[in-house]
Amino acid sequence: MIRNVMDMNAHYGSLNAAFLEARISVWVMNVVPAGAQNTLPLILNQGFAGVYHDWCQPFPTYPRTYDMLHANGLLSHIDSVGCSLPDLLLEMDRILRPEGWVVLSDTLGPIEKARMLATQIRWEARVIDLQNGSDQRLLVCQKPFLRK
């Protein structure tokens, strides 16, 4: 069961809107990354919860808060601002509940780096090719309940 979702690169709050349109009852925290276009006022004007955050720093929340983390293009953004991808994935591991899901969409290079790191922290990870001939990939991971 998914109750708490974080959209780590919320853009305009479209993931939140998609859940509402599908009548799926979840709470979504929309995060606008520092250095990206500041769309937080648009998110808040829609009545959605949201914050502005620098992903080079830890996110101020309790461990194991979220059932699902979603990010479209965040890996490329992190690389462009000089943040550490391993630190980001460890932060994601900290705030993700056991048996929680991570869904990342980005280009092939960052997705492959993230997949390797995800397997190192013992997440189940799989890459999905979105379109033939496109560089876009989807990385779907699940954090296991027990570490082996």
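This is a predicted model: local features need pLDDT of at least 70, side-chain atom pairs count only at pLDDT 80 or more; totals for chains, interfaces and linings use all residues.
Local features require pLDDT of at least 70 and side-chain atom pairs count only at pLDDT 80 or more, whereas totals for chains, interfaces and linings use all residues. Residues are numbered from 1 along each chain as its sequence is written, and side-chain values use heavy atoms, with hydrogens and water left out.

The structure contains 2 aromatic pairs, a pair being two rings of Phe, Tyr or Trp (for Trp, the six-membered ring) with centres within 6.5 Å, counted as stacked if the planes are under 30 degrees apart, as edge-to-face if over 60 and as tilted for the rest. The rings of Trp27 and Tyr66 are stacked, because their centres lie 6.4 Å apart and their planes are at 20°. Since Trp27 belongs to strand 2 (residues 27-33) and Tyr66 to strand 4 (residues 66-72), this pair ties together parts that are 39 residues apart in sequence; helices (H or I, at least four residues) and strands (E, at least two) are DSSP runs numbered from the N terminus. Trp27 is partly exposed at 41% relative accessibility, while Tyr66 is buried at 3%, where buried denotes under 20% relative accessible area, exposed over 50% and partly exposed the range in between (1.4 Å probe, protein chains only). The rings of Trp55 and Phe59 are likewise stacked, with centres 5.6 Å apart and planes at 20°, and both Trp55 and Phe59 are buried.

A search of the whole structure finds 1 disulfide, defined as a pair of cysteine sulfur atoms within 2.5 Å. This disulfide is formed by Cys56 and Cys83, whose sulfur atoms are 1.5 Å apart, and it is left-handed because the torsion about the S-S bond is about -60°. The pair links distant parts of the chain, 27 residues apart, with Cys56 in the loop between strand 3 (49-53) and strand 4 and Cys83 in the loop between helix 3 (74-80) and helix 4 (85-95). Cys56 is partly exposed, with a relative accessible area of 37%, whereas Cys83 is buried at 12% relative accessibility. Cys141 takes part in no disulfide, the nearest cysteine sulfur, that of Cys83, being 19 Å away, and Cys141 is buried at 1% relative accessibility.

Helix 4 and helix 5 (residues 108-120) pack at an angle of about 55°, with their axes 10 Å apart. Residues of helix 4 that meet helix 5 include Leu85 and Leu89, and their counterparts in helix 5 include Lys113 and Leu117, contact meaning heavy atoms within 4.5 Å.

Notes. Axes are lines fitted to C-alpha atoms, for helices over the stretch in contact, and angles run from 0 to 180 degrees between N-to-C directions.
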